Structures are given as C-alpha cells and as structure tokens.
Amino acid sequence: MAISVWEQSTYFAKKDLVIVGCGFVGLWTAYEAIQKNPKLNITILERGVIPSGASTRNAGFSCFGSVSELMYDVALMGEEAMLETVKMRYDGLQRIQKVFKDKDIDYNQWGGYELFEGQEKIAKNKKESKGKKERDDKGSKKEGYDISKLDDDIAYLNKILAPVLKTPKKNGKYLPIYTNASKEINKLGFQGIEALAYNKLEGQLNSAKLVLALQKAVQAKGVQILFSTEVKKFKNHAKGVTIETNLEAPIEAKQMLVCTNGFAKLLIPSLDVVPARGQVFVTEPIPNLKFKGCFHYDEGYYYFRNLGNRLLLGGARNADFKNEKTYSLDTSATIQKVLEQFMMQRILPKGSKKPKIELRWSGTMGMGKIKKPIIQEVQPNVYCAVRMSGMGVAIAPIVAQKATQLMKL
Ligand SMILES: Cc1cc2nc3c(=O)[nH]c(=O)nc-3n(C[C@H](O)[C@H](O)[C@H](O)COP(=O)(O)OP(=O)(O)OC[C@H]3O[C@@H](n4cnc5c(N)ncnc54)[C@H](O)[C@@H]3O)c2cc1C
C-alpha cells in the first residue's frame, strides 16, 4: 500500500522529534519537551497496540528505595551515585503528584515497609553458599541482610538522604524517612519475619491510569502517537534521522530519542542494558487482609502490596536469574511457584487458606552493571534514555527532564 499525498504531509511529515517507546519515559519526555517548546512537532512510535513494556505491567509502587537496597547500592556504586539516583526518584514522585490529581491515578500514600528475616536465616544462607561460586546479577554473593545493623543503617540513611531529598520538616528539623517498625509485625500477620523498616513517604498508584493520563495530556498538546509501529532500524545523516518501521514509508525526524528501556539493545547494541523479566500475580479478594501499603523483601527482589483486599505479589527473579534475562512476556512455573510459597510461608498468617490466583503476568525491566539510567547522545541526532532498573515509575519524570535538556529542542 502506497501512502497518499495527505498522509505524506501529516502522519509522515518530517518531525522535530521522534520518540521510540510509549512507556513512562517516552511519554514524560514528550510532556516535558512540549512544555519547553509548545511549537515542537513530536511523534511517539510504539510497537504495541497499547504500550507493551513495563509501564503498564508493573506493581505500581511509588517508591525510591528500601533500607537494604540503598545500603547495597552504596556498596555497589558509592554514596554519591546512590544519592543522585534516589534524588531523581524522589523528585520524580513529587513531579507526578504536581502534574496529576491523586484520584486520576489512584494514588494512595499508605507508606512502605521492608521485611527482614532473622540471623538464623543468614547463618543458613552462609552455610549453603559456602564454596559456591554462584553470584546474583549484581555480582554479589547473596546471604541476606544482617538485622543487627538495621538501626544504624536507618540512622545513616536518614542523615544523608533527608537534606539531599529535602523531605518534610518539623520545627526546622527533617522528620526521619525510615523508622524501625518491628513492633508491627504481629499486627500485620507476617510469618518468619523478625524486623520491619517503615517509610511513610512511599505510595502506590495505578500505573496504566498514569500512562493514560500522560497520553491524554500530550495528545491534547498535539503530540502524535502511532501504535503498532515498530522501529526496525534507523540511519542518521546531516539533516536528521531516517527511521524505518513496519509502516509503508520511512519517517524523517530532526532528532530521535530511544526510550525502549529493557529492549534498548535491540536497536542500539552497544548499550549496557540487559532485559530482566519481572513476574507478578494478583489473588482473589482475601477476607480480613491485614495490611495496606507497599512491602519490600530481599533487597527489593520480592515486592507486594494490597490492591483493595487482594494481594499483588511479584519478583523472585533471583530464584532463576539465567532464565529471567529474557524478552519473553510469558510467566514461568518456577518463579510463580516460588512466589506462591513466599505468599503462604511469609505474607499470609499461618494456617490461612490458599487464595485463588486471578491474574498472572510479566513485564520487562532494563538493568545494567549499575543502577543509573543512561541518558546520552548515541550518534549525532540520536539519543537514548533507558535502563530505569526497578523504579521507573519514580525516576521517569526526571529522566525525561534531563533528556529534554540534552537534546536541541
Ligand atoms: C513486573 C514489574 C514490576 C515493576 N514494579 C515497579 C514498581 O512497582 N515501581 C516502579 O517504580 N517501577 C516498577 N517497575 C519498573 C518500571 O515499570 C519501569 O522501570 C518503567 O516502566 C520503565 O519505563 P520505560 O518507559 O523506560 O520503559 P517501558 O515501559 O518498557 O516502555 C518501552 C516501550 O518501548 C516499546 N518498544 C520497544 N521496542 C520498540 C521498537 N523497536 N519500536 C517501537 N516501540 C518499541 C515497548 O513496547 C514499550 O512500550 C516494574 C517493572 C516490572 C516488569
């Protein structure tokens, strides 16, 4: 099918900016770019009939890092890099709340907790991993978090994070971000958990509602979104970029920004981005579900929250790293079984009836050696904003602002 002269002068007319990928990063970048320059002619190309990456398939945590995760990040990439990434996430969460009304995205700030097992479990892990060469995808040998350090780590994180994030103050002093909430374990009904850390600044939202709200906001400003349009290859030249897709004619742009996150390597092979599948399930309603909020466990590898009185549980990628490095959007029996065991052995009170699982799904994250996004010019006129790691809900608005500043808009 050849394109018409009308299509040539509209859908296929040369764009100021083409964004590849209609997830949070692509949409927020369109949002920020059009704020900066309302005259820009922007098109988003999305391979799926709906956005088909992680943005509508995640757990909807509005979070910026749990205690053990941030302590791990300090060890992995240093205090400064950890602070920089956490600040981007925290500022991103503020931006979401500034731009959208809570009710439009089902935002609830019910706080977040991190669950810890006791010393016996660490001793057991140490014994089991003795002599083994197996490492997790971050390169560490995982034995568990030592809860005797919890109060010191909480004090350290509160001290360094609050002034950088500029979190709420009382009587001129920053309120603590993290607190030891171990006394709440019994009330929440968990099994085999010996310590809890609480962060009242965490919230939860409906991530597809946020995507739809962003779509509506950018389309109202004239941004064109072409769904079912997969970028196959591109070529930069003196006047811009020629982008080839499955459509009938190539699309010309002055600049192109790749926001395909976990899929980034497929278009730009030189990038340090590895796909990491995240699997999730949601149960049927559970009568008297004892908790509300977001919950993290095992340095963020497991996460769960309430969805009304249903349980949404995801993660356990570290139970099968090798097979979870995949672009596949199926679920696997191995991970789903581990998640079900975790639900029955840790989350629900002892003796609970096993709830039916109503929905199972997966999404693709973008990981790398360190937990910092890649926002850079890849070739003249070609840019990327990818590798959101596990907290793209939060970090995307600020990644978008940085990408917008980097490009010539
Ligand atoms: C199971 C799971 C749970 C998660 N939970 C949370 C959470 O609770 N909180 C949180 O902050 N983060 C969470 N995340 C991470 C978060 O969802 C991501 O970091 C974020 O959505 C990334 O946004 P993005 O726009 O960079 O990428 P994506 O949303 O993946 O968007 C990339 C888009 O590019 C499209 N695309 C790819 N290739 C092409 C191509 N060649 N041509 C055209 N289009 C293309 C894809 O279809 C996709 O729509 C979770 C992720 C998963 C998988």
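Trainee: How many Å separate the centres of domain 1 and domain 2?

Mentor: Taken over C-alpha atoms, the centres of domain 1 and domain 2 are separated by 31 Å. Before going further, note that this is a predicted model, in which local features need pLDDT of at least 70 and side-chain atom pairs count only at pLDDT 80 or more, while totals for chains, interfaces and linings use all residues. Residues are numbered from 1 along each chain as its sequence is written.

Trainee: What makes up domain 1 and domain 2 in the domain assignment?

Mentor: The assignment gives domain 1 as 5-57 + 208-271 + 370-406 and domain 2 as 104-203 + 274-367; such bounds come from an automatic or database domain assignment.

Trainee: How many residues of domain 1 are in contact with domain 2?

Mentor: Two residues are in contact if their C-beta atoms, placed from the backbone, lie within 7 Å, and on that basis 15 residues of domain 1 are in contact with 13 residues of domain 2. Helix H8 (residues 207-220) gives the most to the side of domain 1 that touches domain 2, with 3 residues. Helices (H or I, at least four residues) and strands (E, at least two) are DSSP runs, numbered from the N terminus.

Trainee: Why is Gly23 called buried?

Mentor: A residue is buried if 20 or more other C-beta atoms lie within 10 Å of its own, exposed if 12 or fewer, and partly exposed in between, with C-beta atoms placed from the backbone. Gly23 has 30 other C-beta atoms within 10 Å, and therefore it is buried. Gly23 sits in the loop between S1 and H2, and among its contacts, not counting residues up to four places away in sequence, are Pro51, Cys259 and Asn261.

Trainee: Why does Phe24 count as buried?

Mentor: Phe24 counts as buried because it has 31 C-beta neighbours inside 10 Å. Phe24 is found in helix H2, and, leaving aside residues up to four places away in sequence, it touches Ser55, Val211, Gly392, Val393 and Ala396.

Trainee: How do you know that S1 and S2 pair, and in which sense?

Mentor: Two strands pair if DSSP finds at least two bridges between them; strand S1 (residues 15-20) and S2 have 4 bridges and pair in the parallel sense. Leu17 has Ile42 in S2 as its bridge partner. S2 is also joined to strand S10 (residues 224-226) by 3 bridges, again running parallel, with Leu45 standing opposite Leu226 in S10.

Trainee: Which way do the residues of strand S2 point?

Mentor: From strand S2 (residues 42-45), Ile42 and Ile44 point one way and Thr43 and Leu45 the other way, and all are buried.

Trainee: What makes the β-α-β unit of S1, helix H2 and S2 right-handed?

Mentor: A crossover is right-handed if, with the strands pointing away from the viewer, the path from the first strand over the helix to the second runs clockwise, and S1, helix H2 (residues 24-36) and S2 make a right-handed unit.

Trainee: Which residues are closest to the ligand?

Mentor: The ligand is surrounded by 42 residues, the closest being Gly21, Gly23, Gly53, Gly278 and Gly392; a residue is near a molecule if its C-beta atom, placed from the backbone, lies within 6 Å of it. The shell around the ligand draws at least three residues from each of domain 1 and domain 2, and its largest share, 4 residues, comes from H12.
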